[in-house]
Amino acid sequence: MIRRRDFLMSASATCAAGGIGMAASARADSAPAASYAAFLAGVRAEAVSHGLSAAIVDRALALEAPNARVLQLDQHQPEFTLTWAQYRQRVLTPKKVADGRVAAGARRALLAEVGRHFGVDPQPLMGIWGLESAYGTRTGTFQIPDALATLAYDGRRASFFRGELMNALRILDHGDVTPDSMTGSYAGAMGQPQFMPSAYLRYAVDYTGSGRRDIWTSEPDVFASIANYLARCGWSAGEPWGQEISVPTRLAQADLGRGRVRTLADWMAQGVRRLDGRRFSRPDISGAVIRPDGPGGEAFMVYRNFSVIRRYNPSDFYALAVGLLGHDVT
């Protein structure tokens with residue numbers, strides 16, 4: 001099962017940490033505006049003490065009160081769970097696939113060029129781009145400094161969001177984007193790849209040589225930034241992420257999972273086959289079997305590139321969807 005916080009995630013600061021979930025629930029009642037002003041003054045003082053431009057910081061933090069809409073969304077995240085079958089139906093819609101094929105076809109040369117440069121195949125680039133922002137069409141409209149300041153002041157994960165706010169101010173100080181153009185989700189995920197500011201600082205790439213790492217409007221920078229993230233997390237070009245397979249129902253669920261890595265020869269000895277019923281052509285390589293919905297549900301053989309996708313977002317459902325969407329649209 002997958003919970004809503006796993007359904008909506010964004011790229012984190014490091015490969016080791018995996019994806020960042022949505023903000024934790026905030027307090028029901030916000031503090032007085034005067035306290036918020038004092039909080040912002042403290043952030044300003046810290047930023048300026050680190051050498052950031054006072055003018056840029058003042059512009060970014062010209063805020064009067066916590067953002068009520070951010071608090072509303074953060075406090076009222078619906079608690080629902082999805083099976084893999086439900087998640088797949090919701091995320092991998094015919095429209096998502098059709099739109100992806102058109103988008104990939106129009107960008108084939110760019111995807112190939114970026115892929116060669118970073119050693120990352122086009123499929124995961126398209127899969128992540130499609131899931132994170134519907135191929136660049138849904139990136140979020142919240143002002144990132146406003147959203148992060150609200151969550152840093154009024155949220156249960158205050159220290160995390162204060163750190164991300166400081167990172168956002170560093171990005172602004174560098175001149176990559178203006179405060180008004182630094183937009184994204186209410187939880188602080190930015191641009192088409194939905195990078196948190198910490199992930200941006202670590203992985204965003206100025207692929208065009210413009211002097212700015214533009215993950216909001218520059219598709220070369222968007223693809224290069226996603227590719228850089230995957231490459232630095234260990235992507236192996238030319239190797240598959242996984243494949244849908246046929247698994248005997250007699251195999252116990254406890255014997256499956258990402259941690260149960262075996263050679264394909266070993267899996268075949270237990271009756272595991274390709275989806276078409278044929279044997280695997282490479283019995284010497286190793287993989288793990290995941291069956292998200294248990295016996296009778298879909299099953300997949302996953303390889304090490306699957307784990308790399310999970311470092312973008314630590315959800316099996318997400319990684320499966322990225323792999324399947326990337327395969328279907330490229």
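## Contacts of Leu169

In this predicted model, Leu169 touches Val43, Ala47, Leu52, Val57, Ala60 and Leu61, a list that leaves out residues up to four places away in sequence. Apart from the core described below lies another core, of 13 residues, which includes Val247, Met268, Val272 and Ala299.

## The largest nonpolar core

The largest nonpolar core holds 88 residues, and within this set Leu169 is one of the five that touch the most other members, the others being Tyr87, Leu131, Met182 and Phe195. Helix 15, spanning residues 316–329, gives the most to this core, contributing nine residues. At least three residues of the core are drawn from domain 1 (34–72 + 142–217), and at least three from domain 2 (241–301).

## Domains

The domain assignment of the chain gives domain 1, made of the segments 34–72 and 142–217, and domain 2, covering 241–301. The centres of domain 1 and domain 2, taken over C-alpha atoms, are separated by 44 Å.

## A buried lysine

Lys96 lies in helix 6, which covers residues 94–106. Although Lys96 is buried, this residue has no salt bridge, and the nearest side chain of opposite charge, that of Asp99, is 7.8 Å away.

Not counting residues up to four places away in sequence, Lys96 touches Val91, Gly130, Tyr135 and Leu325.

Terms used: Residues are numbered from 1 along each chain as its sequence is written. This is a predicted model: local features need pLDDT of at least 70, side-chain atom pairs count only at pLDDT 80 or more; totals for chains, interfaces and linings use all residues. Side-chain values use heavy atoms; hydrogens and water are left out. A nonpolar core is a set of buried Ala, Val, Leu, Ile, Met, Phe, Trp, Tyr and Cys residues joined through side-chain atoms within 4.5 Å. Buried means under 20% relative accessible area, exposed over 50%, partly exposed in between (1.4 Å probe, protein chains only). Helices (H or I, at least four residues) and strands (E, at least two) are DSSP runs, numbered from the N terminus. Domain bounds come from an automatic or database domain assignment. Contact means heavy atoms within 4.5 Å. Lys and Arg count as positive and Asp and Glu as negative; His and the chain ends are not counted. A salt bridge is a side-chain nitrogen of Lys or Arg within 4 Å of a carboxyl oxygen of Asp or Glu.
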